[in-house]
Amino acid sequence: MELLEAMKQRHSVRTYTDKKIEGTVKDQLQQLIHNCNKESGLHMQLVLNEPQAFNGFMAHYGKFSGVKNYIAVVGKKNEHLEELCGYYGEKIVLGAQQLGLNTCWVALTYSKIKSAFTILPGEKLCLVITIGYGKTQGVPHKSKAIESVCNVNGAMPDWFRNGMEAALLAPTAMNQQKFQFILNGKKVSAKAGLGFYSKIDLGIAKYHFEIGAGSKNFTWDATATNNV
C-alpha cells in the first residue's frame with residue numbers, strides 16, 4: 001500500500017479486537033518508531049498489552065474500548081515540540097496503516113500510566129496514539145473547502161491542489177482543520193490557527209501535504225514561522 005492510499009484509507013478507530021501486535025508487524029512498527037525518533041529527536045515509545053490507560057471514565061466517555069496498545073508521544077520541551085509530534089506521529093500512523101493496523105490520536109481521554117513509558121528530565125508527554133487491530137476501519141471525516149484553508153495568488157498549480165487535498169485528509173482535534181497553507185512561487189509556508197492542539201494538527205497536515213504535493217515540487221519557506 002502506497003502512502004497516499006494509506007492516507008485515504010486511514011480513519012480514526014476507537015474500538016479494537018484482542019489480536020496482539022506481534023511478529024514481523026511488531027518488529028517493523030518498532031523500527032519505524034526508532035527511525036522517526038532518530039530523525040526528529042523525539043522519544044516516542046510503543047506500549048503493548050497495557051489496558052489501564054483506557055480503562056477509566058474518560059476513556060469510556062471518549063467511546064474507546066479494547067485499547068491495550070498505544071504510542072506515547074514524548075519529546076523535549078521546546079517551541080517546536082507539538083508540531084514535531086504531529087509530523088512524526090503521523091509518519092508512524094500512516095506506516096501503521098500500511099502494516100494493517102488502526103490508530104487514533106488521543107489528547108485527553110486517557111489515564112497517564114507512568115510506569116508504562118519513560119519521560120526523561122526536560123521531556124513531556126504530548127499525547128498518545130492508540131494502535132491495534134480495529135473492529136471497524138472507521139469513517140471519513142468532513143472537510144472544509146480547499147480555498148478556505150490556503151492562500152494562492154493566481155491559478156492554483158495541480159501539485160499544490162493535490163497537497164491541499166491530502167492536508168484535508170489529515171486528522172485534527174475535533175475536526176477543526178485550523179491551518180493555513182500559503183503559496184509563494186515554489187515556496188510554501190504553513191501556519192496554525194487558534195484552537196486546541198492546533199500546532200500538533202499543523203504538523204500532521206504538513207506531512208500529508210508533502211505526500212500529496214510531492215517534495216520535488218516545492219520547498220518549505222524557511223523564513224516563515226510554524227515550519228518543521
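The model is predicted. Four strands form an open sheet with mixed pairing, and the largest pocket holds about 920 Å³ of space.

**Sheet and helices**
- The strand order in the open sheet is β5-β6-β7-β8.
- At the edges are β5 (150–152) and β8 (219–220), each of which pairs on one side only.
- Strand β6 (residues 179–184) pairs with strand β7 (residues 187–192) in the antiparallel sense, over six bridges.
- Phe179 stands opposite Ala192 in β7.
- Helix α5 (residues 158–167) lies across β5, β6 and β7 and runs at about 170° to β6.
- Helix α6 lies across β6, β7 and β8, and its run is at about 155° to β7.

**Largest pocket**
- The space in the largest pocket is about 920 Å³, and 31 residues line the pocket.
- Closest to the centre of the pocket are Arg14, Trp105, Thr172, Ala173 and Met174.
- Two or more lining residues come from each of α3 (57–61), β3 (102–106) and α6 (198–213).
- By type, the lining residues divide into 19 nonpolar, eight polar and four charged.

**Gly41**
- Gly41 sits in the loop between α2 (23–40) and β1 (45–47).
- Gly41 counts as partly exposed because its relative accessibility is 47%, and partly exposed covers values between the 20% limit for buried and the 50% limit for exposed.
- Gly41 and Gly75 are 34 residues apart along the chain, and 7.3 Å separates their C-alpha atoms.

How values were computed: Residues are numbered from 1 along each chain as its sequence is written. This is a predicted model: local features need pLDDT of at least 70, side-chain atom pairs count only at pLDDT 80 or more; totals for chains, interfaces and linings use all residues. Side-chain values use heavy atoms; hydrogens and water are left out. Buried means under 20% relative accessible area, exposed over 50%, partly exposed in between (1.4 Å probe, protein chains only). On a 1 Å grid over the protein atoms alone, a cavity is a set of points where a 1.4 Å probe fits but cannot get out, and a pocket is an open set with protein on both sides within 12 Å along at least five of seven lines; lining residues have an atom within 4 Å of a point. Grid points are joined across faces, edges and corners, and a volume is the space filled by probe spheres set on the points. Ala, Val, Leu, Ile, Met, Phe, Trp, Tyr, Cys and Pro count as nonpolar, Asp, Glu, Lys and Arg as charged, and the others, Gly among them, as polar. Two strands pair if DSSP finds at least two bridges between them. Contact means heavy atoms within 4.5 Å. Axes are lines fitted to C-alpha atoms, for helices over the stretch in contact, and angles run from 0 to 180 degrees between N-to-C directions.
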